[in-house]
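Hi everyone, and thanks for coming. Please have a look at the model on the screen, and I'll walk you through it.

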Amino acid sequence: KNQVEQSPQSLIILEGKNCTLQCNYTVSPFSNLRWYKQDTGRGPVSLTIMTFSENTKSNGRYTATLDADTKQSSLHITASQLSDSASYICVVSLLTNAGGTSYGKLTFGQGTILTVHP
Amino acid sequence: NAGVTQTPKFRILKIGQSMTLQCTQDMNHNYMYWYRQDPGMGLKLIYYSVGAGITDKGEVPNGYNVSRSTTEDFPLRLELAAPSQTSVYFCASSYTGGGGLYEQYFGPGTRLTVT
């Protein structure tokens with residue numbers, strides 16, 4: 001069964017500190033991996049999208065890494081801010097048999113809830 | 001440019017009642033999706049549409065219906081509400097297939113409680 005597992009479930013850090021969130025997946029065949037940020041009461045917003053050939057991708061203070069061999073990804077947040085408090089969701093996309101990508105075939109992790117305290 | 005809008009934001013239904021969750025996007029996206037998000041769980045795809053007049057089931061379609069008469073609108077219908085449908089519902093859209101490298105844009109969600 002295609003699954004996406006995230007750890008930790010929740011994390012509390014102090015403002016200004018760095019943190020790393022983990023994502024392990026069993027989705028196969030793999031097309032791309034995304035990280036979303038979801039603020040409380042809002043819809044998810046995309047942070048990064050990586051194909052299997054990319055090892056790292058940055059978006060400001062957010063840096064995602066991908067190891068397609070071990071099926072692991074991480075999201076590193078540097079110099080955290082209070083506004084980083086949110087749920088971070090790892091999402092993996094299936095690859096269709098035709099070699100393209102399949103619409104609607106996104107598998108979502110359960111999210112890591114990050115709380116940044118002043 | 002409002003993006004993806006959803007109404008209502010909140011709703012409480014009694015068991016057996018019906019309702020329609022509205023979703024509109026103004027980005028001229030072909031693809032639209034409905035997801036539900038249960039506490040502590042990942043989003044699950046209910047239905048999706050690849051264009052006006054074309055819809056298909058996702059992972060958890062039972063108890064729901066959809067239609068897509070225009071590019072902009074993608075309403076989700078609950079015919080006989082059940083407590084198991086208590087969830088937060090998100091509508092999303094993308095220019096092309098959600099599994100590709102195109103972004104999916106999400107609405108703010110509708111929080112539905114069935115009692």
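I'll start with the ground rules, then go through the cores, one threonine and the contact of the chains.

This is a predicted model, where local features need pLDDT of at least 70, side-chain atom pairs count only at pLDDT 80 or more, and totals for chains, interfaces and linings use all residues. Residues are numbered from 1 along each chain as its sequence is written, chains are lettered from A and ligands numbered from 1 in the order in which they are written, and side-chain values use heavy atoms, leaving out hydrogens and water.

Let's go inside. A nonpolar core here is a set of buried Ala, Val, Leu, Ile, Met, Phe, Trp, Tyr and Cys residues joined through side-chain atoms within 4.5 Å, and buried means under 20% relative accessible area, with a 1.4 Å probe and protein chains only. The largest such core has 24 residues, and among those with the most contacts inside it are A:Trp35, A:Leu75 and A:Tyr88. Several strands of chain A each supply at least two of its residues, including E3 (19-25), E4 (30-38) and E9 (86-95); strands are DSSP runs of at least two residues, numbered from the N terminus. The largest share, five residues, comes from E9(A).

What does A:Leu75 touch, not counting residues up to four places away in sequence? Its partners include A:Cys19, A:Leu47, A:Tyr62 and A:Tyr88, where contact means heavy atoms within 4.5 Å.

Over to chain B, and to one residue there. B:Thr110 lies in strand E11 (residues 110-114). Is B:Thr110 buried or exposed? B:Thr110 is buried, with a relative accessible area of 0%. Its side chain reaches the backbone oxygen of B:Pro8 at 2.5 Å. Leaving aside neighbours within four places in sequence, B:Thr110 is also in contact with B:Gln6, B:Leu21 and B:Tyr89, among others.

Finally, the two chains together. The contact takes 23 residues from chain B and 22 residues from chain A. Between them the chains bury about 1700 Å², 59% of it on carbon and sulfur atoms; that is the accessible area (1.4 Å probe) that two parts lose on being put together, summed over both.

How many salt bridges does the rule find across the interface of chain B and chain A? The rule finds zero, counting a side-chain nitrogen of Lys or Arg within 4 Å of a carboxyl oxygen of Asp or Glu. On the side of chain B that touches chain A, strands E4 (31-37) and E5 (44-51) of chain B give two or more residues each. The largest share of that side, four residues, comes from E4(B).

Conventions. Buried means under 20% relative accessible area, exposed over 50%, partly exposed in between (1.4 Å probe, protein chains only). A polar contact is a pair of N or O atoms within 3.5 Å; within protein, one must be able to donate a hydrogen and the other to accept it, and residues adjacent in sequence count only if both atoms are side-chain atoms.
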